[in-house]
Amino acid sequence: MNCVIDSLLRRFPLISDQVDVSELRVILRELEFVLERNIQGDIVELGCYKGTTSLFLARLLAARNEDRKLYLYDSFAGLPPKTAQDSSTVGDQFVAGELHATKADLVRTFMKNYLPQPTIKKAWFSNLNRTDMPADICFAFFDGDFYESIRDSFRVCQDLFSAGATIVIDDYDSEALPGAARATDEWISQHSTIIKSFRTEHSLGILKLV
Ligand SMILES: C[S@@+](CC[C@H](N)C(=O)[O-])C[C@H]1O[C@@H](n2cnc3c(N)ncnc32)[C@H](O)[C@@H]1O
């Protein structure tokens with residue numbers, strides 16, 4: 001049992017249905033793992049929507065008095081169109097424009113929760129480049145749902161991961177969103193020399209680097 005994480009999950013509500021408590025517990029536990037080991041770098045979330053997971057990432061950083069920074073990325077225009085890599089007999093609800101949040105609301109949400117403002121970047125992941133990112137990444141949460149979104153998340157972060165970094169990929173184990181696993185498996189096969197371990201828990205893929 002982890003007291004800090006459990007107390008955060010007990011005290012604060014989830015503000016959307018895009019993540020559940022058991023997944024959040026895993027995400028926070030994995031963030032804590034890299035922090036406990038002093039892995040160098042900041043934290044990124046690609047696909048933050050209204051900030052449900054982002055708030056908890058920020059709360060864990062605050063509870064530990066970490067001065068690492070949180071970087072959030074989203075189109076703030078909802079999902080892009082699906083490609084052939086995302087095709088599935090289920091998952092009709094995931095269409096272009098769905099999951100549309102605004103950056104202004106996200107800024108207000110952090111203010112209302114008395115949390116330090118993260119760096120928030122409004123962009124399609126395909127347009128992100130190194131200058132939009134922190135210099136080093138110790139923990140990444142990829143939650144872009146679709147093949148190209150996850151592929152582009154890996155592309156922009158891959159040279160910035162610190163040794164020992166952890167990447168959590170949402171929907172890795174999701175029948176409705178097969179593109180997330182396709183993009184992850186491709187990246188793993190192209191980077192096998194730097195992969196320490198990979199496993200799934202709930203719908204999440206958890207990738208640890210050497
Ligand atoms: C499932 S939601 C994220 C939920 C959030 N991580 C949470 O835990 O509450 C997916 C988000 O990814 C964003 N997104 C998906 N693909 C994207 C892309 N290629 N570029 C920018 N944003 C993208 C969507 O706008 C949407 O807000």
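Tutor: Start with how elements are named: helices and strands are runs assigned by DSSP, numbered from the N terminus. Thr53, for example, is placed in helix α3. Keep in mind that the model is predicted.

Student: Is Thr53 buried or exposed?

Tutor: A residue counts as buried when its relative accessible area is under 20%. Thr53 has a relative accessible area of 3%, so Thr53 is buried.

Student: Which residues is Thr53 in contact with?

Tutor: Neighbours within four places in sequence are set aside. Thr53 is then in contact with Val19, Leu24, Ile27, Glu45 and Phe141.

Student: How do I read a pair of helices, such as α2 and α3?

Tutor: Look at the distance between the axes, the angle, and the residues that meet. The axes of α2 (residues 21-36) and α3 (residues 52-63) come within 10 Å and cross at roughly 35°. Leu24, Ile27, Leu28, Leu31, Glu32 and Leu35 make the contact from the α2 side, while α3 contributes Thr53, Phe56, Leu57, Leu60 and Leu61. By class, this contact of α2 with α3 has 9 nonpolar, 1 polar and 1 charged residues. The crossing of α2 past α3 is right-handed.

Student: Which residues meet where α5 passes α6?

Tutor: From α5 come Tyr147, Ile150, Arg151 and Phe154, and they meet Gly179, Ala180, Arg182, Ala183, Thr184, Glu186 and Trp187 in α6. These residues divide into 6 nonpolar, 2 polar and 3 charged. The axes of α5 and α6 (residues 178-190) come within 7 Å and cross at roughly 35°, and this crossing is right-handed.

Student: What is the order of the strands in the sheet?

Tutor: The general idea is that strands of a sheet pair through backbone hydrogen bonds, either parallel or antiparallel. Here an open sheet of 7 strands has the order β3-β2-β1-β4-β5-β7-β6, and the pairing is mixed.

Student: How many bridges join β5 to β7?

Tutor: Strand β5 (residues 161-169) is joined to strand β7 (residues 204-209) by 4 bridges, and the two run antiparallel. Ile169 stands opposite Gly205 in β7.

Student: Where are Asp132 and Asp136 placed?

Tutor: Asp132 is in the loop between β3 and β4, and Asp136 is also in the loop between β3 and β4. Asp132 is buried because its relative accessible area is 16%, whereas Asp136 counts as partly exposed at 28%.

Student: What do their side chains make polar contacts with?

Tutor: The side chain of Asp132 makes a polar contact of 3.4 Å with the side chain of Lys121. For Asp136, a polar contact of 3.0 Å joins its side chain to that of Gln40.

Student: How many residues apart along the chain are Asp136 and Asp42?

Tutor: They are 94 residues apart along the chain, and their C-alpha atoms are separated by 6.1 Å. Asp42 is among the residues that Asp136 touches.

Methods: Residues numbered from 1 in each chain as written. Predicted model: local features only at pLDDT ≥ 70, side-chain atom pairs only at ≥ 80, totals over all residues. Heavy atoms only, no water. Axes fitted to C-alpha atoms, helices over the stretch in contact; angles between N-to-C directions. Left-handed = near helix turned anticlockwise from the far one by under 90°. Contact = heavy atoms within 4.5 Å. Nonpolar A, V, L, I, M, F, W, Y, C, P; charged D, E, K, R; others polar. Pairing = 2+ DSSP bridges. Buried < 20%, exposed > 50% of the residue type's maximum accessible area, 1.4 Å probe, protein only. Polar contact = N/O pair within 3.5 Å; in protein donor to acceptor, adjacent residues only side chain to side chain.
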